[in-house]
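Student: I would like a close look at one part of this protein. Take me through what surrounds it, and keep it brisk.

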Amino acid sequence: MGAAFMASWPWENLGFFKYALYGPLVGKAVASRAWEPGSPDCWLLLLLFLFGLRALTYQLWSSYSNMLFATRRRRIVRDGVDFDQIDTEWDWDNFLILQILMAATALYAFPSLRHLPLWDARGLAVAALLHAAATEPLFYAAHRALHGGRLFAGYHSLHHSSKVPQPFTAGLATPLEHMLLGALMALPVAGACAAGVGSVALAFGYVLGFDFLRAMGHCNVEVLPAAPFRALPILRYLIYTPTYHTIHHTGREANFCLFMPLFDLLGGTLDGRSWEMHEQTSAGVDEVPEFVFLAHAVDVAQSLHVPFVLRTFAATPFAVRLFLLPMWPFAFLVMLCMWACSKTFVISGYTLRGRLHQMWAVPRYGFQYFLPFAKDGINKQIELAILRADKMGVKVLSLAALNKNEALNGGGTLFVNKHPDLRVRVVHGNTLTAAVILNEIPKGTAEVFLTGATSKLGRAIALYLCKKRVRVLMMTLSTERFQRIQREAPPELRQYLVQVTKYRSAQHCRTWIVGKWLSPREQRWAPPGTHFHQFVVPPIIGFRRDCTYGKLAAMRLPKDVRGLATCEYSLDRGVVHACHAGGVVHFLEGYDHHEVGAIDVDRIDVVWEAALRHGLRPA
């Protein structure tokens, strides 16, 4: 059987180029200089402005609903949004293109609508009456019909395919449904205009109010307190709540109204649990994670790569995009505010085998970790996060990136020594990072060149390879540090650790392990065919076309992960940095020790095998 009539968007294959459909309206507005006083086409500018505000309304609600640091206690459906839902809702704004074309057609067909007064208070009463007497009952009847057999399968099932209601879910529907909804939305405004009491303010106010309530109903966060509904019970039938509409999405057999539950009461479809659930959700329920990955922002641009800024952008690997430039000044001001007064907050979360995992962020940016005067403040932020996690009952807290910097806090040793009675296990996860890098090296490799050789990871990699009788050319100018590491190796194997002080010493070695930034000039010493393994942040730039470059150590989470909807920095979907994965393994294995300070070389294979056993795979 073929697709239902008007069940798919005619521009669905255009991708980003669908926005060219706004072109004729924008072109007409520019050509006629619609912004000039007295221009006969100023209505075009108003129309474009209105639809811009409509898109912003949904975006702001989406940002709010994804601010877990502010909303997590009042979330209605506790499951997280996943990548599949984000992809399904990617073109949520299709309906705005359709409805602006509908509105423009109406304005061309009825020229009198282009010359409405700015304000007429009488129009509010007419619009309110028509909304309650026509739009609400007609929507209720149409909505119930769309839940019947063939209509649901052919049309409305798309809207209900999203498991977790989100503001963008309001836009997930077929063209036929949005044409119907657009007509019902226009009815009160059109009626007021027909009665001679229409105005620009009414059109803006009603349409934006309509969108505001639809986005609110789908936000999955209870924003309306229960007290007014207890004090004035009639309110329960005049305005719905996010909880009320979420019950419809989860059950599909009740709560069909647009905004007024009165029509569910009259139609016998009001779910009796609605008010009780509203009371419970608005009161808030604590949500305690069992694993926390404590991260920080890399830079100002990367700080925008979070679900509460642009959800779809956060669902793709980070890269600097042109659309970020207008947002950069605002993001810079936010950075200054966070530096002055902020504390660790929740960014995102997912569940793995029924256990909640969360990512928290220290309100600091990469460059701040290299400011001598900022060191104590950063450590204080990390310490408070650890103590908060300990108080909450978190089992494992994994330190990310510079939060475990040796010069900052000894890879977490500072906190463990200061608080010996911590119940939460603090880990740096670098044991698995070392394992990932080492398992990338082809079997049979006889010699490697190692930069960053005396760092925490460099030391572990060198000692591990030397035990495998692989010759390690350790690039370091510090003979003292080199000898200290060499003395850790068994006497009969120390010959495999060789100190070198110049890059030219590796001109015949095709396996480079990079733990320190390499300039193009330094990379030039690598022979053709060299592969660069990396644990340097940020990764080196691949200047050599005759060489290959590995990515940062990372692992793919197990297939049974749920509610994951954010890419970790520049990594692919479902992939996390190896230190993050190391913390997950620490939690899944139930290890009772802290993993801080120097890497235990003897545990590298143990942790690697545990990771594979739990379903994690190299990325």
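Student: Which residues does Leu-48 touch, not counting residues up to four places away in sequence?

Tutor: A word on the model. It is predicted, so local features need pLDDT of at least 70 and side-chain atom pairs count only at pLDDT 80 or more, while totals for chains, interfaces and linings use all residues. Residues are numbered from 1 along each chain as its sequence is written, and side-chain values use heavy atoms, with hydrogens and water left out.

Now the residue. Leu-48 touches Leu-25, Val-26, Ala-29 and Ile-100, leaving out residues up to four places away in sequence; contact means heavy atoms within 4.5 Å. Leu-25 and Leu-48 sit 23 residues apart in sequence, yet their C-alpha atoms are 7.9 Å apart in space. Leu-48 belongs to helix H2 (helices are DSSP runs of H or I, at least four residues; strands are E runs of at least two; both are numbered from the N terminus). Its relative accessible area is 21%, so Leu-48 counts as partly exposed. The scale runs from buried, under 20%, to exposed, over 50%, with partly exposed in between (1.4 Å probe, protein chains only).

H2 (42-65), H5 (94-109), H8 (175-194) and H9 (200-217) each give two or more residues to the lining of the second largest pocket. A pocket is an open set of points on a 1 Å grid over the protein atoms alone, with protein on both sides within 12 Å along at least five of seven lines; a cavity is a set where a 1.4 Å probe fits but cannot get out; lining residues have an atom within 4 Å of a point. The volume of this pocket is about 780 Å³; points are joined across faces, edges and corners, and volume is the space filled by probe spheres set on them. Its lining has 30 residues, with Leu-47, Ala-103, Leu-107, Val-189 and Ala-203 nearest the centre. By class, 24 are nonpolar, four polar and two charged. Here Ala, Val, Leu, Ile, Met, Phe, Trp, Tyr, Cys and Pro are nonpolar, Asp, Glu, Lys and Arg are charged, and the others, Gly among them, are polar. H8 contributes the most, eight residues.

Follow H8 next. H8 also gives the most to the lining of the largest cavity, with five residues. That cavity holds about 280 Å³ of space. It is lined by 22 residues, and Phe-139, His-143, His-156, Leu-181 and Arg-214 are closest to its centre. Helix H6 (122-146), H8 and helix H12 (242-251) are the elements that give two or more residues each. This lining splits into twelve nonpolar, eight polar and two charged residues.

The second largest cavity is about 30 Å³. Phe-229, Arg-236, Trp-275, His-278 and Glu-279 line it. Helix H14 (residues 274-283) gives the most, three residues.

Last, the packing. The largest nonpolar core has 84 residues (a core is a set of buried Ala, Val, Leu, Ile, Met, Phe, Trp, Tyr and Cys residues joined through side-chain atoms within 4.5 Å). A second, separate core of 45 residues includes Trp-43, Phe-95, Leu-181 and Phe-210.
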